[in-house]
Amino acid sequence: MNTADKQAQSAGKMHLGAFSMSLSVKNLDSSRQFYEQLGFSVFAGSMQQNYLIMKNGNALIGLFQGMFKGNILTFNPGWDENARNMEPFDDIRQIQKKLKEAGLHLSSEADEKTSGPASLMLTDPDGNLILLDQHR
């Protein structure tokens, strides 16, 4: 964990994990080619699964064909930008509790009775979807 992450956790702030943009694309192959020209390379996913995760340094862009409408800001609690486990990390249920305590409306929620992988969604004041997607 870097110094900024340690300071955020010690100040009681939420650590949301790796950040990426999840883009709804019309043609996965042409989008892949475009982002490769910008220096991105395929990090995860597959053409057969209709999604690719593209990486350039610590920048991540998810390309998704036919899976959802619009674009989504995505955070992955417990992961860094290389999909490596981070310790310690804020579990999505802890984050969810803080968001609810702050009065934010969640459009989907993690089951608080479970542990491990889960997700939640909310929308910012400008209508941008935000997905918190914990894989561990």
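Okay, so Glu36 and Arg32 both sit in helix α2 (residues 28-37), 4 residues apart, about one turn of the helix; helices here are DSSP runs of H or I, at least four residues, strands are E runs of at least two, and both are numbered from the N terminus. This is a predicted model, where local features need pLDDT of at least 70, side-chain atom pairs count only at pLDDT 80 or more, and totals for chains, interfaces and linings use all residues. Residues are numbered from 1 along each chain as its sequence is written, and side-chain values use heavy atoms, with hydrogens and water left out.

Back to that pair. Glu36 forms a salt bridge with Arg32, closest N and O atoms 2.7 Å apart; a salt bridge is a side-chain nitrogen of Lys or Arg within 4 Å of a carboxyl oxygen of Asp or Glu. Arg32 is buried at 19% relative accessible area, while Glu36, at 34%, is partly exposed (buried is under 20%, exposed over 50%, partly exposed in between, with a 1.4 Å probe and protein chains only). Asp29 joins these two in a network of salt bridges.

The structure holds 7 salt bridges. Another one is Arg136 to Glu87, at 2.3 Å, N to O. That pair links distant parts of the chain, 49 residues apart: Arg136 in the segment after β8, Glu87 in the loop between β5 and α3.

Now, Asp90 is in the loop between β5 (72-76) and α3 (92-101). Asp90 is buried yet has no salt bridge, and the nearest side chain of opposite charge, Lys98, is 4.6 Å away (Lys and Arg count as positive, Asp and Glu as negative; His and chain ends aren't counted).
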